[in-house]
Amino acid sequence: MNTLKQAKVGERLRVVKLHGQGAVKRRIMDMGITKGTELQIRKLAPLGDPIEVNVRGYELSIRKEDAQMIEVEKN
Amino acid sequence: MTIKIALAGNPNSGKTTLFNALTGSNQFIGNWPGVTVERKEGKLKKHTDIAIIDLPGIYSLSPYTMEEVITRNYLTTERPNAILNIVDGTNLERNLYLTTQLTELGLPVVVAINLMDLVKKNGDIINIEELSDRLGCKVVAISALKGSGVFEAAEEAINAAKNTKTIPKHRFSGAVEHAIAHIEEAALHSMPENQQRWYAIKIFERDEKVLKQLELSADIISHIEKDIKSAEEEMDDDAESIITNERYLYIASLIKSCYNKKNTGQLTASDKIDRVVTNRWAALPIFAVVMFCVYFLSVTTVGTWATDWANDGLFGDGWHLFGSSAYKEAAEAYAEPAAIIEAFEASAQKAGLEPQTATGLNTTAYLYDDNGNIEKKIAVTYEKYTQAAAVQEPDPADYGIWVLGLPTVIRNGLAAVNCAAWLQSLILDGIVAGVGAVLGFVPQMLVLFLLLAFLESCGYMARVAFVMDRIFRRFGLSGKSFIPMLISTGCAVPGIMAGRTIENARDRKMTIVTTTFIPCSAKLPIIALIAGAMFNNAWWVAPSAYFVGIFAIIISGIMLKKTKMFAGEPAPFVMELPAYHWPTAENVLRSMWERGWSFIKKAGTIILLATILIWFLASFGFDNQTFGMVDMNDSLLAVLGGFIAPVFIPIGWGQWQGAVAAITGLIAKENVVGTFGILFGGFSEVAENGWQIWANMRLVFSPLSAYSFLVFNLLCAPCFAAIGAIRREMNNAKWTLFALSYQCLFAYAASLVVYQLGLLFSGNGNALGSITAFLIVGLIAYRLFKPYEENRILKSTVRA
């Protein structure tokens, strides 16, 4: 399974499925990461975590721990 | 009748700017009941019958954050007459997600698309009529920053409140709508029709808070559950995700038909800034520079000047408008004559002579440096004395323009009306000193708040969290906790108030509880006193105090985040990095003033009362069986100190002086040194590091017990001003009490470990003390390494 956690900077991806449940999953979806959404990995924070992702035209910061719940494929 | 218009929208959508533009100076700021979330209300300009309520900035009406729950409860129970939904036009897709939820509430909604000037500048086109048609509510274009269209938007909202209904045009897919219709029929038929849809969708999502509120019977729930399950099976997803997915699919179709984006893929100005500011290599150095600037301006330079002026000038003897350097020179030159006069008069008194006639007396005067070392010896004769006595003592009023401080003015006034001594003391040492303690911090705080407001509204604060998150989340803190801690090295009061920038309630509380562990500038004299008196000014004492503070924060953070109190709330895990923009002066100044004023109002009371109480205890007592004003040695405070002193025996300083100093330290930490000056030698004034009393202290303290005293005073409950700030920011008496108890308990435990293990390793240990110390270390280690799973569901309740 490819998740957002393993993604490389600059990659363009498409969300396949969201794993997990409850508040974390809902929050990720509320921010616009839903099935089929296109993502672009902008950068890693200087200390390697979190990740900056471009989604639906804006910038989102997400921790790797939470990014591994997001299953993605190459776009 | 007052029309209530609720202002709702995403964070960073320009909501505050719109609110300020609509209401001007006519605002009331408070808190939502029981929580630290700010509540603002104002009257629309030129309309006394239109109230605008600024709701917290939110992304969704989910039940998972405090802000969302407050907004939901307000909208569903208070039911304002209309919702004015502000939407960021440059970020339409995500912003409309909240709009789709707001239109389902059965309240009239008007959508105001903000930043329309920027949208046009980018060459993008938004089809307002089409969007309005498809959303089922009025849509207007505004620019909150430039003030264009804002009053038209308000007029539309008033119109909507009076005349229209908003009926959502969006329909979910067949299976979902089927289930929603069933839910409305089975559970909500007694509710007004326009409110049913929102509740039905929430029930479909299995929203725990709504289910609890509605108290549905078990068989209705099991009946509904069947509908939800079959929809879930058909769509192959859970109910919550189905709803969210479909909303975004619907928005995607809206965007396709109403929004024409000119260029994609080109870097915006904000992207270019971020390429540098959060760059892998440049981010940390830039962060360090920004933090240095904040610290430099708010703590070392402008802030200190402001605080010194407020404390020593306005609430001290007075201040120079001009000519202070000339006075300083004159005062330094007078040091020698003053020492000669003092030495001669003292030795004359010893010999039982009148100094004016003691022609044969010879003695020696000493000039000391800052550490109490003799700088100069002067042989004093009667002749020298008369010469010195002829030198005029410099009066600050003779140099430049000297403005009297408030206490001096009041003292002169009271003396003129022959005020009773106790009343004069109450007014000057109690009330004026108390008010001064509150207001003395305000100038510095305003400087800091100005900088913070700028960093927040330009968008850099979100980057601070992005850059520092990795380090701070381990201790249950936010990346944004760095700023409060940094500021606390200067003063914990603005430090605690700076915690306001942390959105997540758990991180904010944790920051407030731990930030006072950092030695603030008022604790430096205590460190200097102990280092000088007990450790011969060893270089390691001061750095060790900072290490103690940092360790206390790390250990407390890890221990506390595993407790039930802190585990109850989810951590922030996804955060928007908003586009950079230049904030308006009005917004920044307003934010600065709001925070400063809220400190004066809320924290002020507690500081004033506590200062007066300690003044009373320290100035009154029994002398020869009569109650009245006494020296501190005989005061109620001394009695109290003697009473509680045994508590401190296990940590090495069971003398009443230590207990009394710890209590007076609550007024201001540097008071510990002044109090020791009185208690250990009868000096009414000592140097900042108290060198005059070093010898006397060595008789009572051992280096180890003194270090234990230092550790306790560094970590225990902070001064009243900081306690007031904690109370203000927690907005909850229970949490304030918890913070103070935890700090005192932790301070006691840390001092005990230091003292008892110190005794043990120096070969003087006793069994009971050592065992207790090891037990504490063991307990802390157990808490530190206990496995821990982050809780991700909001359990705290918010009153409706």
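## A hairpin in chain B

In this predicted model, strands E15 (residues 620-623) and E16 (residues 626-629) of chain B pair in the antiparallel sense over 4 bridges. Pairing here calls for at least two DSSP bridges between the strands, and the elements are DSSP runs numbered from the N terminus: helices are H or I with at least four residues, strands are E with at least two. Phe622(B) has Phe627(B) in E16(B) as its bridge partner. The two strands make a hairpin with 2 residues between them, and Asn624(B) in the turn shows a positive phi of about 55°.

A word on the ground rules: local features need pLDDT of at least 70, side-chain atom pairs count only at pLDDT 80 or more, and totals for chains, interfaces and linings use all residues. Residues are numbered from 1 along each chain as its sequence is written, while chains are lettered from A and ligands numbered from 1 in the order in which they are written.

## Where A meets B

On to the chain contact: 31 residues of chain A touch 31 residues of chain B, with contact meaning C-beta atoms, placed from the backbone, within 7 Å. On the chain A side, helix H1 (22-30), strand E2 (38-44) and strand E4 (58-62) each give two or more residues. H1(A) provides the largest share, 8 residues.

A strand pairing also crosses between the chains: E4(A) and strand E14 (residues 574-576) of chain B run antiparallel over 3 bridges. There, Leu60(A) sits opposite Glu576(B).

Technical notes. Two residues are in contact if their C-beta atoms, placed from the backbone, lie within 7 Å.
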